[in-house]
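I opened this model to look up a few spots on the chain. Here are my notes, in the order I took them.

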Amino acid sequence: MLRLLLGNIAPGTSDEELGEFLAKYGFPAWKDIEHVPGDGSRPAVMLSFGDISSSSLEKLNERIHHMFWKGRELNAMIIGQYMP
């Protein structure tokens, strides 16, 4: 299962808002989401995707990496295979 780390999201962003944003740019629904608050200044989420190829996720990642959303520049990074 591939994972995407999406960092520097706006504090208080709901899972629903995040899902709508990602769907707008072609992402499939995630299988699992883990919130990574850090020190609170640059919250992130780790999203696990099921049936998507690494090349497809790379193309989608390029669409949102460094995009400005809700007043913040997003950082998106593919983490790789994940076995729960």
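**Entry 1: N61**

I started with N61 and found it in helix α2, residues 54-64. Helices here are DSSP runs of H or I with at least four residues, strands are runs of E with at least two, and both are numbered from the N terminus. Before going on, I noted that this is a predicted model, where local features need pLDDT of at least 70, side-chain atom pairs count only at pLDDT 80 or more, and totals for chains, interfaces and linings use all residues. Residues are numbered from 1 along each chain as its sequence is written, and side-chain values use heavy atoms, with hydrogens and water left out.

Is N61 buried or exposed? I read a relative accessible area of 11%, so N61 is buried. My cut-offs are under 20% relative accessible area for buried, over 50% for exposed, and partly exposed in between, with a 1.4 Å probe and protein chains only. I then listed its contacts (heavy atoms within 4.5 Å). Leaving aside neighbours within four places in sequence, N61 touches L4, F27, A76, M77 and I78.

**Entry 2: L6**

Next I went to L6, which is in strand β1, residues 2-7. L6 is buried because its relative accessible area is 0%. Beyond the neighbours within four places in sequence, L6 is in contact with L18, L22, P43, A44, V45, I64, L74, N75 and A76. I also checked L6 against K24: they are 18 residues apart in sequence and 15 Å apart in space, C-alpha to C-alpha.

**Entry 3: strand β3**

How many of the residues of β3 are buried? I counted six of its six, so I wrote it down as mostly covered. A44, M46 and S48 point one way from β3, while V45, L47 and F49 point the other way. In a regular strand the side chains alternate between the two faces of the sheet.

I looked up the pairing too; two strands pair if DSSP finds at least two bridges between them. β1 and β3 run antiparallel and are joined by six bridges, and L2 has F49 as its bridge partner in β3. β2 also pairs with β3 in the antiparallel sense, over five bridges, with A44 as the β3 partner of V36.

**Entry 4: aromatic rings**

For rings of Phe, Tyr and Trp (its six-membered ring), a pair needs centres within 6.5 Å; planes under 30 degrees apart count as stacked, over 60 as edge-to-face and the rest as tilted. By this rule I get three aromatic pairs. One of them is F21 with Y25, tilted, at 5.2 Å centre to centre and 55 degrees between the planes. F21 is buried at 6% relative accessible area, whereas Y25 is partly exposed at 22%. Another tilted pair is F27 with F49, at 6.1 Å centre to centre and 35 degrees between the planes. This pair links distant parts of the chain, 22 residues apart: F27 is in the loop between α1 (15-24) and β2 (32-36), and F49 is in strand β3 (residues 44-49). I also noted that F21, Y25 and W69 form one aromatic cluster.

The charged end of K70 sits over the ring of W69, 5.5 Å from its centre. The rule asks for NZ of Lys or CZ of Arg within 6 Å of the ring centre and within 35 degrees of the ring normal. K70 is in the loop between β4 (68-69) and β5 (72-73) and counts as partly exposed at 39% relative accessibility.

Most residues other than glycine have a negative phi. K70 has a positive phi of about 55 degrees although it is not a glycine. N8, in the loop between β1 and α1, also has a positive phi, about 65 degrees. N8 counts as buried, at 12% relative accessibility.
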